[in-house]
Amino acid sequence: MKIVVDENIPGAAQCFAQFGEVVTRSGRQICPADVQDADALIVRSVTKVNRALLAGTPVRFVGSTTIGSDHLDSEYLREQNIHFCTAPGSNAESVVDYVLSVICTLEGLLETLLGGGRVGIVGYGNVGKRLGQRLSAIGIPWRAYDPLLDPKQHPGLASLEEVVNSTLLSLHAPLTVSGPFPSFHMLDASLLATMPASSVLLSAGRGEVVATDELLSLIDRRPDIRLALDVWEGEPAFSSELAARCAISTPHIAGYSLDGKKTGLRMVASELAAFLGQSLHVDDSEAAASAPVVSCIGDDALSVIREAVLAVYDVSGDSQRFREIIHTPDRSEQFDLLRKHYPPRRELGYCHLHAENAARTSLLRALQGGK
């Protein structure tokens, strides 16, 4: 069998070689000619998989190693009896690590949240739930908005207006353009302007949840609100004006941990193995052996949290690299290159964290999500 794989999925060529011939292609440039004789297609969110791409091809399996599915035309795939899957939750912990790093990086934010502030979460799915769990574990209050869930079954849910009234508003809604609660451009500047003084708006789901002009309008009206944006309307194109006005700006890498990528790859490979009626062979020994060891010497909870989070992942480095390209004429190409050559990054949950006493060690376990 022939399998076409996005070249930017780490370890994919080696993993899928156990099932047949693997051909790698640039994900954003995969075209009908690339899959005209393929049996399976493995992609990320940058590849639009639809009739235009697959019509007349022998492709019978499509796997996306990402959590989202808005790039897959699920209706067409079902009509054609093409088996497809994604990797829900695979990089959720990585995105939570990103949020925690923003909290620890922006001046005064961690102190405010530990001193009575609150995090508002928009989208209470795999990322939102894990974020809530880890915030609770380290003593940070939160509430979430998700109109698709029953508040009786999820006590942390609240109205959108209540959630927006938070010290940090963290957006993790998937992109939907239809149904009773579409997320496309769901938040406008007028609503966001009701956020408290000196609050932070973080977006790490899909850029189209808030329109670019609404964000620019928000900053004009409320310059005290700081923006931390990882996702952008029209990626890989993005507004250089908006990026320049962010406190933190990154090229859609919140979920780009090595562990998250490997989990997503393994989930899709397992699905393909089941589809073919074969066994899957995966070797994770190298990743386990290379897990970082971090010793924290802070003498209070705040210091230990910040020390541990930033020792494993400091978002300011990614933000600085992104700032270097935001005014370049080829910034779309540079955006993709930053993602393609993204340095290996581990998740907090896979690291060995140590502190000088039992109470701080317990806090570190909580910070990791109990791992």
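Biologist: Over residues 303-367, how much of the chain is helix and how much is strand, and how far apart are the end C-alpha atoms?

Modeller: This is a predicted model, so take what follows as computed from it. Over residues 303-367 the chain comes out at 60% helix and 5% strand, with the end C-alpha atoms 13 Å apart. The stretch itself comes from UniProt, where an unreviewed entry marks residues 303-367 as "domain: Erythronate-4-phosphate dehydrogenase dimerisation".

Biologist: Why are α13 and α16 called oblique to each other?

Modeller: Helix α13, residues 301-312, packs on helix α16, residues 358-367, at an angle of about 50°. Roughly parallel would need an angle under 35 degrees, and roughly perpendicular starts at 65. The value falls between those two limits, so the pair counts as oblique. Their axes are 10 Å apart, and the crossing is right-handed.

Biologist: Which residues in α13 and α16 meet?

Modeller: From α13 you get Ala301, Val304, Ile305, Ala308 and Val309, and they meet Arg360, Leu363, Leu364 and Leu367 in α16. Sorted by type, the residues of that contact are eight nonpolar, no polar and one charged.

Biologist: How do the residues of the contact of α4 with α6 divide into nonpolar, polar and charged?

Modeller: On the α4 side, the residues include Val95, Val96, Val99 and Leu100, and the α6 side includes Val127, Arg130, Leu131 and Arg134. The contact divides into nine nonpolar, one polar and four charged residues.

Biologist: Why does Leu187 count as buried?

Modeller: Buried means under 20% relative accessible area. Leu187 has 0%, so it counts as buried. Leu187 sits in the loop between β8 (168-171) and α8 (189-192). Leaving out residues up to four places away in sequence, Leu187 touches Leu160, Leu171, Leu192, Val209, Val210 and Glu214.

Biologist: Why does Asn81 count as exposed?

Modeller: Exposed means over 50%, and Asn81 has 65% relative accessibility, so it counts as exposed. You'll find Asn81 in the loop between α3 (74-79) and β5 (83-85). Its phi is positive too, about 55°, and Asn81 is not a glycine.

Biologist: What is the peptide bond from Glu235 to Pro236 like, cis or trans?

Modeller: Cis, with omega near 10°. Pro236 is placed in the loop between β10 (226-229) and α10 (240-244).

Biologist: At which residues does UniProt place the NAD-binding domain feature?

Modeller: At residues 113-254, as "domain: D-isomer specific 2-hydroxyacid dehydrogenase NAD-binding", from an unreviewed entry. Over residues 113-254 the chain is 27% helix and 15% strand, with the end C-alpha atoms 21 Å apart.

Notes:
Residues are numbered from 1 along each chain as its sequence is written. This is a predicted model: local features need pLDDT of at least 70, side-chain atom pairs count only at pLDDT 80 or more; totals for chains, interfaces and linings use all residues. Side-chain values use heavy atoms; hydrogens and water are left out. Axes are lines fitted to C-alpha atoms, for helices over the stretch in contact, and angles run from 0 to 180 degrees between N-to-C directions. Helices (H or I, at least four residues) and strands (E, at least two) are DSSP runs, numbered from the N terminus. Angles under 35 degrees count as roughly parallel, over 145 as roughly antiparallel, 65 to 115 as roughly perpendicular and the rest as oblique. A crossing is left-handed if the near helix is turned anticlockwise from the far one by less than a right angle, and right-handed if clockwise. Contact means heavy atoms within 4.5 Å. Ala, Val, Leu, Ile, Met, Phe, Trp, Tyr, Cys and Pro count as nonpolar, Asp, Glu, Lys and Arg as charged, and the others, Gly among them, as polar. Buried means under 20% relative accessible area, exposed over 50%, partly exposed in between (1.4 Å probe, protein chains only). UniProt positions are given in the numbering used here, feature names are shortened, and annotations may be inferred rather than shown by experiment.
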